[in-house]
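Please view the sequence and the structure before reading on.

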Amino acid sequence: MTMLSLQNVSKSFGSLKVTDGVSFDVPEGQALGIIGPNGAGKSTLFNLITGNLMSDAGSIRFDGQDVTRVPPMRRCLDGVGRSFQIPQPFEKLTVFENLLVAATHGRRASEAEVTGDCADVLERTGLMPKANAPAGSLSLLERKRLELARAMATEPKLLLLDEIAGGLTDAECKSLIQTIKDIHAEGVTIIWIEHVLHALTSVVERLLVLDFGRVIGIGDPGEIMESREVKEIYLGIDV
Amino acid sequence: MIWIDTIIQGILLGGLYALFAAGLSLVFGIMRLVNLAHGDLIILGAYIILISVTVLGLNPFFAILIAAPLMFALGWALQKLVLNRTLGEDILPPLLVTFGLSVVIQNGLLEGFSADSQRISAGALETASISVGPISMGVLPLLTFGSAILVIVVLNHIFYRTAIGRAFRATSDDAVTASLMGIKPERVFATATGLAMVVAAIAALYLGVRANFDPSIGPARLIYAFEAVIIGGLGSLWGTLLGGVIIGVAQTVGAAINPEWQILAGHVAFLVVLLIRPRGLFPRGN
């Protein structure tokens, strides 16, 4: 089954076309990586998928339904979860409260209903020891984990990760990758934008290359990384 | 012994000021909105209770059951329809709008109830007192102080132990991220102002039973509330209570020395605290 399908999606800011006729499918349970130079329109693409931006043209189908004009809140309830490039936890709330807020509002459920699930997410994302710490006191790795945990707390079918591995040390990155692998192994469909390529390629089954708002390649990560266009445009190597 | 008596009166009076201030503190803490009409809204609450008592013949303590939901609805609608539109980067619009609201409420009350001073009658309770050893305490001031503590305990419970409280704090922390999580900030703010108006109704009850009031006295009450909030350190309700107590004690001690010094002594105490601890006694850590 196809979890997400974009058909000819375009978006312009004034005369600048940031998303230019993008089409791709993500089958249920797959992990898709998105790479591309800065300004290629990667984050815009995420905003179009979550509904924070509405596309000018084309259609977006999620979980069998046309969501092209569906507002972001509705898409979140339907199962689109995302993490942000710059972690934005509620600093004065504890880690556990951050999850409670995300889960109660993201699932329209009472706190009693979500408490157990939130504890579960804390366990899976390795944040249990920090459950009662104010989110403002967390280290960068812990903040990234919280970003992940908060997205997971809404029980997404599709998880969008935006440069979650950036700024981490190798060891930190490795432990975060393991957590993402575990989540993926549970069957959650993942789309992951990342500059840290080794992190990305160790998880995703497919890779999509974006440049100037256009898809210039999609397929097996190994083949994509070796392709001429990618080396030329993305890695800046003259072939 | 007279001094102990005076100080106790002052402490109990502080409870009333804390009630004035708690709603103000709540609204400021959650949405950084300074409500200049807060004092007038308390007076409006006092008139609602007064009508319930005189027209329906209710005991004032039952009248609060009518006034509290009315005030909640009023606060909710006020925030949703008016004040939400004033929130943003600029701090001037909410000040101007609530200042205008203060003028409107005062004149509306003047139109409806004249400038005559009124009082909510609570019968024998007004003068009842209990003695602890040589010290005699009024039942009404004791009830006021007890209500202030109860209000703070309940507000803190709501704030830290309930879903709506977490939504308050999350929205206060970062309204944009909160809305991405599915929280509707404008509704959260409306609920917060509604809650603040319930506290205002409780303050109104004790204000109206304790002393005379007329449509014009709101702003003077607002000053005590501001002072209590600032002494306590913005955002701490227990600090606000302490702030109220400091002003209350300063006022009664000032009055005991010379009756003309009552109000002045309260303001001087405020200035002294501000000189020593510019951020208040319990500033909220960032």
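## A glycine, a helix and an interface

In this predicted model, A:Gly51 sits in the loop between helix H1 (42-50) and strand S4 (57-62) of chain A. A:Gly51 counts as buried because it has 22 C-beta neighbours inside 10 Å, and 20 or more are needed for that class. Apart from neighbours within four places in sequence, A:Gly51 is in contact with A:Val70, A:Pro71, A:Pro72 and A:Arg75. A:Pro87 lies 36 residues from A:Gly51 along the chain, and their C-alpha atoms are separated by 19 Å.

Helix H6 of chain A covers residues 170-185. At 1.5 Å a residue, its 16 residues should span 22 Å, and the end C-alpha atoms are 22 Å apart, so the two values agree.

| Group in H6(A) | Residues |
|---|---|
| Buried | A:Cys173, A:Leu176, A:Ile180, A:Ile183 |
| Exposed, on the face turned away from the buried side | A:Asp170, A:Ala171, A:Ala185 |

The buried residues of H6(A) are A:Cys173, A:Leu176, A:Ile180 and A:Ile183. Seen down the axis of H6(A), these buried residues fall within an arc of 80°, so they line one face of the helix. An α-helix has 3.6 residues a turn, so residues three or four places apart point the same way. The buried residues of H6(A) pack against helix H5 (140-153), strand S7 (158-162) and helix H7 (197-201) of chain A. A:Gly187, with a positive phi near 105°, follows H6(A).

Between the chains, 11 residues of chain B are in contact with 15 residues of chain A. Helix H6 (residues 163-173) of chain B gives the most to chain B's side, with six residues. By class, that side has five nonpolar, two polar and four charged residues.

Conventions:
Residues are numbered from 1 along each chain as its sequence is written. Chains are lettered from A and ligands numbered from 1 in the order in which they are written. This is a predicted model: local features need pLDDT of at least 70, side-chain atom pairs count only at pLDDT 80 or more; totals for chains, interfaces and linings use all residues. Helices (H or I, at least four residues) and strands (E, at least two) are DSSP runs, numbered from the N terminus. The expected span of a helix is 1.5 Å times one less than its number of residues. A residue is buried if 20 or more other C-beta atoms lie within 10 Å of its own, exposed if 12 or fewer, and partly exposed in between; C-beta atoms are placed from the backbone. The arc is that of the directions from the helix axis to the C-beta atoms. Two residues are in contact if their C-beta atoms, placed from the backbone, lie within 7 Å. Ala, Val, Leu, Ile, Met, Phe, Trp, Tyr, Cys and Pro count as nonpolar, Asp, Glu, Lys and Arg as charged, and the others, Gly among them, as polar.
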